[in-house]
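Open the model in your viewer and keep the selection panel at hand. We will go stop by stop.

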Amino acid sequence: MKAMIIEAFGESTVFKLKEIETLDLLPHQVRIKVKATSVNPIDIKVRSGAVPGVSPSFPAILHGDVAGVIEEVGEAVQSFQIGDEVYGCAGGFKGLQGALAEYMIADYRLLAHKPRNITMEEAAAIPLVGITAWESLFTKGGLKKGDNILIHGGAGGVGHIAIQLAKWAGAIVSTTVSTIEKQVIVKKIGADHIINYRDVSVKEYIDKYTDGKGYPLIFDTVGGRNLDQSFEAAALNGSVLTIAARSTHDLTPLHSKGLSLHVTFMLLKMLNEDSRIEHGDILRNITKIVEENKLKPLLDKKTFSFEEISKAHEYLESGKAVGKVVLVNKW
């Protein structure tokens, strides 16, 4: 089969088109005819060598997100059959083949049936960000109807899914954005209060939207200095959820406010075979929400072929993308 592989870490130009052998299935695996994948920041980190602990061995096929059609099932697989349309975040990391190939071998426990009312391209944009948002909001945050939550980076890949999931759950959602274009996006997907963080201070928006008490629940998808601002914006005994904690911070605000800090790193359950079924379960829940028209991924206007993977990585790294960057398999 054809595949875009890397044989060393490096810049976006490191990808090469190769013909490689297809492997036999293990009992718990399926073979997917890949239709589409998407680019996530973690894919760029893997390619560049920034996260060697979760990176596959060389030669490596990258990218976790996949949407496609099952062409073969292992003998232990009962929940899928040949011809099923599926999606998931199922590879591209340590010990797992990625999606940048004609066919992807995947553990069936990491997959779910694709929502019937969206395209393959839209389905490929959901898994990693959808699972990340779900684990943060519900598994770690215990989000429920009526909760008042602040979501940082609401127009981002994880952020725009988190807004829609929070609204589906019945929460009151504030979100931060940086441009008028992104204000339009988050308003359209249901945000109740929109904060342009370049125009207002943390004190100003917590005074306006929480009567100065702060938010009991904050989901920070940005990290860095923004995590410190999340501590500032949190209410007494509140919880801060984050997906970006590879940084150093003064934890004094956590102590003085009695805050809880919860970190989500969704790859952990992919890499731990005993936990993989949890990701499949989350995606089955997301499928229902998508089919209820309560969640829709935002795709950037540009799409790429698999052979244009270098350009796709460059585009995401440029910061110009608005929405998920998707690649379509034309092989």
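**Before you click.** This is a predicted model: local features need pLDDT of at least 70, side-chain atom pairs count only at pLDDT 80 or more, and totals for chains, interfaces and linings use all residues. Numbering starts from 1 along each chain as its sequence is written, and side-chain values use heavy atoms, with hydrogens and water left out.

**Stop 1: the two domains.** Colour 2–127 plus 276–328 as domain 1. The C-alpha centres of the two domains lie 29 Å apart.

**Stop 2: where they touch.** Select heavy atoms within 4.5 Å across the boundary, the cut-off for contact. Domain 1 brings 11 residues to the contact and domain 2 brings 10. Together the domains bury about 960 Å², with 72% of it on carbon and sulfur atoms. Buried area here is the accessible area (1.4 Å probe) that two parts lose on being put together, summed over both.

Now show Leu 295, Leu 298 and Val 322. They supply 42% of the area that domain 1 buries against domain 2, more than any other three residues.

How many salt bridges are there between domain 1 and domain 2? The count is zero. A salt bridge needs a side-chain nitrogen of Lys or Arg within 4 Å of a carboxyl oxygen of Asp or Glu.

**Stop 3: a salt bridge.** The salt-bridge rule gives a count of 18. Helices (H or I, at least four residues) and strands (E, at least two) are DSSP runs, numbered from the N terminus.

**Stop 4: backbone details.** Go to Phe 58 and Pro 59. A cis peptide bond joins them, with omega about -5°. Pro 59 is in the loop between helix H1 (41–48) and strand S4 (60–61). Next, pick His 63, in the loop between S4 and strand S5 (65–73). Phi of His 63 is near 85°, a positive value in a residue other than glycine.

Notes
Domain bounds come from an automatic or database domain assignment.
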